[in-house]
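Let us learn to read a few features of a protein model. Take a look at the sequence and the structure.

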Amino acid sequence: MPTTAHRVTTTPHVRGPGLLVPAALVVLLAIGVVTLGPSWFVADARRAVTAGVQALAAPWPGAVHRAQVEAVANVLLFVPVGALAALALRRSGPVLPMALGAGASVLVELAQTALPGRVPDLVDVATNTTGAVLGVVLATVCLAVRRRLRDRRPRRWVLSALVAAPLLVVGLAGCSSGGGVLTAEHGHVEEGEELSAFADVPAITRLDDALRRAVQDAAREAAADGVELHVSSGWRSAAYQQSLFDAAVERYGSPEAAREWVLGPEESSHVTGDAVDIGPTDAMSWLTQHGSDHGLCQTYANEMWHFELAVEPGGQCPAAATDPAAG
Ligand SMILES: [Zn+2]
């Protein structure tokens, strides 16, 4: 009755999790830190990665558009997720691992909604899912090749390569450059430029609906008074806000001094889409006089360009706080 021997001999090809578990932990930890870590770190990491992807694409100018750089980084981030899921679930076929990858990216975005200063983004879900699907495809192809070769040896090698390669690319990308990359996708407005209140760019379209309508109504009314009312800054991504804050810390010498002018991504109402900066100067004055008709009020005494919805239309604006830090 060699039952023990029998059990062992019938399942010689079923192996333990091997490298899968530590590899999965590393990947999940990396993604957790990159997506949900402290915002200063996330902003730095994202800037480094996007700059790195740009540097990698430098030999082929035009191959990767500036606006696509973050998308590429988001794709790469989830390749290991798809690859690991496909390897762990290799008997179930490619659909379930792909669904898990998509689910993981949705979970990450949902988790970000719980964090202050983070903006969940359907584009992120799409790019992350693309990465997961790519990973599943890669792993499935490798498994098929391995099955063809009927060689057990390359398994660990293939697995390690699958996990290491995308991480290596992202890591190298992060190390190879530190310059910031801010695009219109971040709500960035070029120095000295101003936007129409009706522009079809994230700085305007990602504003709170009520605020955007109020600013557009005000812009129409100002135009009728002969005043061109523009938006010099509207919605900003957390990364963009962080870079503004970092620059202010450098300029004013300390985070405390910087906060009198620029708040961090957790606090700024630009990141939540609840604030606009108005220009030029005559538009600021016009809006100070007429903004309350649309519920728009100057909220900081030291920033005559910064307006938020603060009262019912036609109401009386409350006294402005001295500065953002005091507010
Ligand atoms: Zn502002």
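Predicted model: local features only at pLDDT ≥ 70, side-chain atom pairs only at ≥ 80, totals over all residues.

Q: How do I read a metal site, and which residues coordinate the zinc ion?
A: Look for donor atoms around the metal. Here His270 gives NE2, Asp277 gives OD and His306 gives ND1. The distances run from 2.0 to 2.1 Å.

Q: What spacing do the donors of the zinc ion follow along the chain?
A: Read the pattern as donor letters with gaps between them. In this chain the spacing is H-x6-D-x28-H. His270 sits in the loop between α11 (255-258) and β2 (276-279), while His306 is in strand β4 (residues 306-309), so the pair ties together parts that are 36 residues apart in sequence.

Q: Are His270 and His306 buried or exposed?
A: Check the relative accessibility against the cut-off: buried means under 20%. His270 has 3%, so His270 is buried. His306 has 4%, so His306 is buried too.

Q: Which residues of helix α12 are buried?
A: Go along the helix and pick out those under the cut-off. In α12 (residues 281-290) they are Ala283, Met284, Trp286 and Leu287. They cover an arc of only 165° around the axis, so they lie on the same side of α12.

Q: What covers the buried residues of α12?
A: Look for the elements in contact with them. The cover includes α9 (209-224), β2, β3 (296-298) and β4.

Q: Where is Gln241, and is Gln241 buried or exposed?
A: Start with the element, then check the accessible area. Gln241 is in helix α10 (residues 238-252). Its relative accessible area is 1%, so Gln241 is buried.

Q: What does Gln241 touch?
A: Set aside residues up to four places away in sequence. Gln241 then touches Arg236, Val262, Leu263, Gly264, Pro265, Ser268, His270 and Val271. Among them is His270, a donor to the zinc ion. A polar atom of the Gln241 side chain also lies 2.7 Å from the backbone oxygen of Leu263.

Q: Which residues is Asp274 in contact with?
A: Leave out neighbours within four places in sequence. The contacts are Asp208, Leu211, Ser269, Phe307 and Glu308. Side chain to side chain, a polar contact of 2.9 Å joins Asp274 and Thr272. Asp209 is 65 residues from Asp274 in sequence, yet their C-alpha atoms are 9.2 Å apart.

Terms used:
Residues numbered from 1 in each chain as written. Heavy atoms only, no water. Helix = DSSP H or I, 4+ residues; strand = E, 2+ residues; numbered from the N terminus. Buried < 20%, exposed > 50% of the residue type's maximum accessible area, 1.4 Å probe, protein only. Polar contact = N/O pair within 3.5 Å; in protein donor to acceptor, adjacent residues only side chain to side chain. Contact = heavy atoms within 4.5 Å. Donors = N, O, S within 2.8 Å, 3.2 Å for Na, K, Ca; no water. Arc of directions from axis to C-beta.
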